[in-house]
Amino acid sequence: MSLLVLAEHHDGQLSGATAHVVAAAQAIQQHSGGDVDLLVAGEHVAAVAEAAAKLDGVNRVRVADHAAYAHQLAEPMGALLAELAGDYSYLLAGASTTGKNVMPRVAALKDVSQISEIIEVDSADTFKRPIYAGNAIATVQSADPLKVLTVRSTGFDAVGSLQDQGGSAAIEAVDVVVDNAQSTFIKEALAQSDRPELAGAKIVVSGGRGMGNGENFKLLDGIADKLGAAIGASRAAVDAGFVPNDMQVGQTGKIVAPELYIAVGISGAIQHLAGMKDSKVIVAINKDEEAPIFQVADYGLVGDLFEILPELEQKL
Amino acid sequence: MKVLVAVKRVVDYNVKIRVKPDHSDVDLTNVKMAMNPFCEIAVEEAVRLKEKGVATEIVAVTIGPKAAQEQLRTALALGADRAIHIQTDEKAESLAVAKLLAKVVEQEQPGLTILGKQAIDTDNNQTGQMLAALTGLPQGTFASEVVIENDKMHVTREIDGGLQTIELTLPAIVTTDLRLNEPRYAKLPDIMKAKKKPMDVTTPAELGVEMASKVTLLKVESPAERKGGIKVGSVDELIDKLKNEAKVL
């Protein structure tokens, strides 16, 4: 009944989301027993494997370090995971764009269903997941011999690191190499930011259509800097070209659940709420006092954001 | 090149859904249904490929009850040439849908199959990837740009940190992200013409696909309600509340 977690990494760094997925695996392990293994697949990933081995609760780290897995393209990654699946009853990955890309491919190769974006573990075979943009929560039970799951990281508290105790799991090489003549990596254009990663930030400040234009998003910079916050956006702001799409919070963008979410000039459409309504405290700043965002906001401030934002920045 | 487009009939994205009192599922009686928004984008992309002379024929396919033919007619009105309706009243899980679509891919041999990245009802984001696995084809998921040259395709994908471009050999499977294009509206004459376009009706049994899933829906509940908050009168009051009441600053 062992569990295999696909580690998420980029540029030689283990992503914070992996610790949340390990937590979900441990929640299942309490019912199912078995060991939690981690798979690190990529090219030049020794440092990632070292970091992964220090995560609390990990039995061993399996490392597939080969050019075939660079950029974690779906075709070789799917084949690799399908190859390793025989040793496991559970395959888990974060519900990131990597996890969403690879895991359904693996599930189909193994002729089993996938359960997407679990937020809670009821038992060894029963999980909760949001449907209809988070407007309903489904409890589903899987009788598949292999359970393929993606995990919504905001649903599980990250496991700790054994860094300080000097402990670490065993690291073993996996020598499965798959041919891939079908897909080739060409290029990547990543948004540069010194701010915390949106999905893992403790505070998120988001702007919507009410920001008026991309230039005005600078009004959020000072506030985000003072709070150590990430900056997000509504789909309206992304579609209007104010900011790049990787800043989008919502059903089709990122799901966040920070301690504090400040929504500025965002009306609060169903699609946006799906991405942020599990935040601990929600603040809405909007000139329209009828805006739906006020129905979920703990604190609402009705007024002109162009007056409120500079004042807020100055007083923080 | 033939392009296959899969579309799904779902609850309209503006509808505020209700959970049935017995918690068996979401109540969809008398609720407005529509084509899944991501599928509309898939249809639009296929039509644009035809307008560019890349696609020669567009085949739209759906799986669902008789009423789902409405969505196929919409696809035909938007520019698809013919439609295939795999009729079933059973709920089709992603894996079963992918198996049915794999049969259609086998029969039709499209150069490209386009699907939405996810349906806004189940929010699974699985079918395209599963179809790629079952057909042994490469996948370009969450596409925001598709460029086809000869027997290769460049797909720009929306990934967590930004954008990634990959090259795929054709035939291939693509799933659409929201920013791939802006779907057009069907014009009345096109809606009339769509009524005369061919639609084949088949069933999962005829295609030899078992619909049964090992995943059971036990319960559907409403999410925890957020308590209504308060309105504050000033920035000072807001900062004070966040510091002393909510203690998040």
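Four salt bridges are counted between chain B and chain A, a salt bridge being a side-chain nitrogen of Lys or Arg within 4 Å of a carboxyl oxygen of Asp or Glu. The structure is a predicted model, in which local features need pLDDT of at least 70 and side-chain atom pairs count only at pLDDT 80 or more, while totals for chains, interfaces and linings use all residues. Residues are numbered from 1 along each chain as its sequence is written, chains are lettered from A and ligands numbered from 1 in the order in which they are written, and side-chain values use heavy atoms, with hydrogens and water left out.

A salt bridge joins the side chains of Asp236(B) and Lys315(A), at 3.1 Å from N to O. Polar contacts also link the chains. Between chain B and chain A, 44 residue pairs are in polar contact, both residues being at pLDDT 80 or more. A polar contact is a pair of N or O atoms within 3.5 Å; within protein, one must be able to donate a hydrogen and the other to accept it, and residues adjacent in sequence count only if both atoms are side-chain atoms.

Several elements of chain B give two or more residues to the side that touches chain A, including helix 3 (94-108), strand 11 (162-169) and helix 7 (235-245). Helices (H or I, at least four residues) and strands (E, at least two) are DSSP runs, numbered from the N terminus. Strand 11 of chain B gives the largest share of this side, eight residues. By type, the residues of this side of chain B divide into 36 nonpolar, 23 polar and 18 charged. Here Ala, Val, Leu, Ile, Met, Phe, Trp, Tyr, Cys and Pro count as nonpolar, Asp, Glu, Lys and Arg as charged, and the others, Gly among them, as polar.

In total, 77 residues of chain B are in contact with 84 residues of chain A, contact meaning heavy atoms within 4.5 Å. The size of an interface is often given as the accessible area lost when the parts come together. The area buried between chain B and chain A is about 6,600 Å², and carbon and sulfur atoms give 54% of it. Buried area is the accessible area (1.4 Å probe) that two parts lose on being put together, summed over both. Asp160(B), Arg226(B) and Val235(B) supply 11% of the area that chain B buries against chain A, more than any other three residues.

Strand 13 (residues 183-190) of chain A pairs with strand 11 of chain B in the antiparallel sense, over seven bridges. Two strands pair if DSSP finds at least two bridges between them. Ser183(A) has Leu168(B), in strand 11 of chain B, as its bridge partner. A cis peptide bond, with omega about 0°, joins Leu170(B) and Pro171(B). Pro171(B) lies in the loop between strand 11 and strand 12 of chain B.

Strand 12 (residues 172-176) of chain B contains Thr176(B). Thr176(B) has 0% relative accessibility and so counts as buried. Buried means under 20% relative accessible area, exposed over 50%, and partly exposed in between (1.4 Å probe, protein chains only). Leaving aside neighbours within four places in sequence, the contacts of Thr176(B) include Phe38(B), Ile114(B) and Ala143(B).

Strand 9 (residues 126-131) of chain A has six of its six residues buried, so it is largely enclosed by the rest of the structure. In a regular strand the side chains alternate between the two faces of the sheet. Thr126(A), Lys128(A) and Pro130(A) point one way from strand 9 of chain A, and Phe127(A), Arg129(A) and Ile131(A) the other way. Strand 8 (residues 120-121) of chain A runs antiparallel to strand 9 of chain A, joined by two bridges. These two strands form a hairpin with four residues between them. Val121(A) stands opposite Phe127(A). Strand 9 of chain A also pairs with strand 10 (residues 136-142) of chain A, antiparallel, over six bridges. Lys128(A) stands opposite Thr139(A) there. Tyr132(A), in the loop between strand 9 and strand 10 of chain A, has a positive phi near 50°. At 10% relative accessibility, Tyr132(A) counts as buried.

Asp87(A) occupies the loop between helix 3 (74-84) and strand 6 (90-94) of chain A. Asp87(A) is partly exposed, at 47% relative accessible area. The side chains of Asp87(A) and Arg62(A) are joined by a polar contact of 3.2 Å.
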